[in-house]
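Please keep the sequence and the structure in view while reading.

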Amino acid sequence: MDSPDPEQVRARVAWYYFIGGLTQKEIADKVGITRLRVNRIIGQVRWEGLVHTTLRLPLADCIELQEELRRQFGLEDAVVIPSLDEPEENRRLVGETAGALLNSLLIDGKGIGVGWGRTLSAAAKRMTPRRGGSNWVATLMGGLTQGSGTNTFEVATEFARNIGGECYYLTAPIYCPSPQSRETLMIHDGLVQSMQRAASAHFALVSSGDLSERSLLASTQTVRDSAKALKRAGAVGDLLGVFLDEKGEPVGHELNERVIALEPAGLRAIPKGILASGGQHKVKIIKAILLGGYVKYLVTDQQVASALLR
């Protein structure tokens with residue numbers, strides 16, 4: 001007999017697990033594969049955004065945290081999800097929840113400015129096509145010199161593809177070699193227009209990074225070389241590559257003078273800015289962003305929400 005189509009195997013496993021309610025062992029026996037493979041398939045389809053689950057029962061403790069976050073930080077809205085112990089799953093669910101929020105807010109004809117990272121990559125999977133392709137997407141920051149699936153250009157492209165709109169790129173590295181080279185680069189007409197496009201977005205979806213190598217930006221050589229100096233300057237993490245102190249102010253470090261990105265003050269001017277970020281290691285930078293008033297919406301997990309309010 002011919003080998004079964006791998007995609008059909010994945011579809012059957014997903015159906016049995018998420019819709020049929022079978023256990024992994026029962027699925028393995030039915031489909032004729034190992035339980036380990038069943039487990040892997042379930043994890044893959046979740047991460048790829050191929051299965052969406054909606055819970056219509058309210059979580060009272062999460063709702064209470066949402067209300068308190070709105071009040072304490074002057075937010076238009078906050079969404080809090082239960083925390084998961086597995087960091088990748090927690091990140092994915094924060095991202096998907098943020099994507100669903102943005103999808104519900106999105107108005108035809110308006111632009112979306114996006115950052116980068118694994119959280120936002122997960123968010124893109126929850127976006128749906130819009131009539132006439134009248135929406136557009138713009139990158140809010142430069143990118144890395146190699147692809148990772150979570151790079152600025154890749155995340156923006158995925159958003160644009162999913163909503164059926166145009167994409168505009170800030171085609172530059174995240175950091176220039178020096179402040180002087182940044183000044184020279186930023187007089188280029190194409191970059192000036194891309195920055196203006198980013199600043200004119202009606203919606204923005206961004207994440208944040210702390211100074212540990214669990215964050216995408218902090219794991220790059222450029223930031224690793226400056227990590228000690230950034231901490232001495234009072235940095236607790238970054239927003240669009242700009243390093244902030246615990247009060248939400250950009251720190252006095254050369255990296256902030258070399259970054260190619262929309263300034264935090266420019267993000268503050270975007271009407272519907274959403275911060276999607278979770279994980280206990282990011283509490284300080286998330287709080288700094290909220291204190292700076294750079295966003296109007298927050299999507300995070302329950303442990304982070306509790307820590308922010310403490």
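Five bridges connect strand β1 (residues 77-81) to strand β9 (residues 297-301), and the two run parallel. Strands, like helices, are DSSP runs numbered from the N terminus; a strand (E) has at least two residues and a helix (H or I) at least four. Two strands count as paired if DSSP finds at least two bridges between them. This is a predicted model, in which local features need pLDDT of at least 70 and side-chain atom pairs count only at pLDDT 80 or more, while totals for chains, interfaces and linings use all residues. Residues are numbered from 1 along each chain as its sequence is written, and side-chain values use heavy atoms, with hydrogens and water left out.

Strand β1 is mostly covered, as four of its five residues are buried. Here buried means under 20% relative accessible area, exposed means over 50%, and partly exposed lies in between (1.4 Å probe, protein chains only).

In general, strands of a sheet pair through backbone hydrogen bonds, either parallel or antiparallel.

Strand β5 (residues 203-206) is joined to strand β2 (residues 111-114) by three bridges, and these strands run parallel. Ile112 stands opposite Phe203 in β5, and Gly113 stands opposite Ala204. Four bridges join β5 to strand β8 (residues 272-276), again in parallel; there Ala204 stands opposite Gly273. Which way do the side chains of β5 point? Phe203 and Leu205 point one way, Ala204 and Val206 the other way, and all are buried. In a regular strand, side chains alternate between the two faces of the sheet.

The loop between β5 and α10 (221-232) contains Ser215. Ser215 counts as buried because its relative accessibility is 5%. Leaving aside neighbours within four places in sequence, Ser215 is in contact (heavy atoms within 4.5 Å) with Arg118, Gly209, Asp210 and Lys282.

Gln66 lies in helix α4 and counts as buried because its relative accessibility is 14%. Not counting residues up to four places away in sequence, Gln66 touches Ala78, Val79 and Val80. Gln66 and Gln302 are 236 residues apart in sequence, and their C-alpha atoms are 9.4 Å apart in space.

In the loop between α3 (35-47) and α4 is Leu55. Leu55 counts as exposed because its relative accessibility is 59%. Together, Leu55, Leu57 and Leu59 make a nonpolar surface patch of about 320 Å². Patches are made of residues with over 30% relative accessible area and no salt bridge; like charges are joined within 9 Å, and nonpolar side chains (Val, Leu, Ile, Met, Phe, Trp, Tyr) within 5 Å. Accessible areas come from the Shrake-Rupley method with a 1.4 Å probe, and for residues only the protein chains shown count as cover.

Charged side chains form a further topic. A salt bridge is a side-chain nitrogen of Lys or Arg within 4 Å of a carboxyl oxygen of Asp or Glu, and by this rule the count comes to 14 salt bridges. In one of them, the side chains of Asp29 and Lys25 meet (3.3 Å, N to O). Because Asp29 and Lys25 are four residues apart in helix α2 (residues 24-31), about one helical turn separates them. Asp29 counts as exposed, at 55% relative accessibility.

The side chains of Arg92 and Glu96 also meet in a salt bridge (3.1 Å, N to O). Arg92 and Glu96 are four residues apart in helix α5 (residues 87-105), so about one helical turn separates them. Arg92 is buried, with a relative accessible area of 5%, and Glu96 is buried at 6% relative accessibility. Finally, Glu7, Arg10 and Glu48 are linked in a network of salt bridges.
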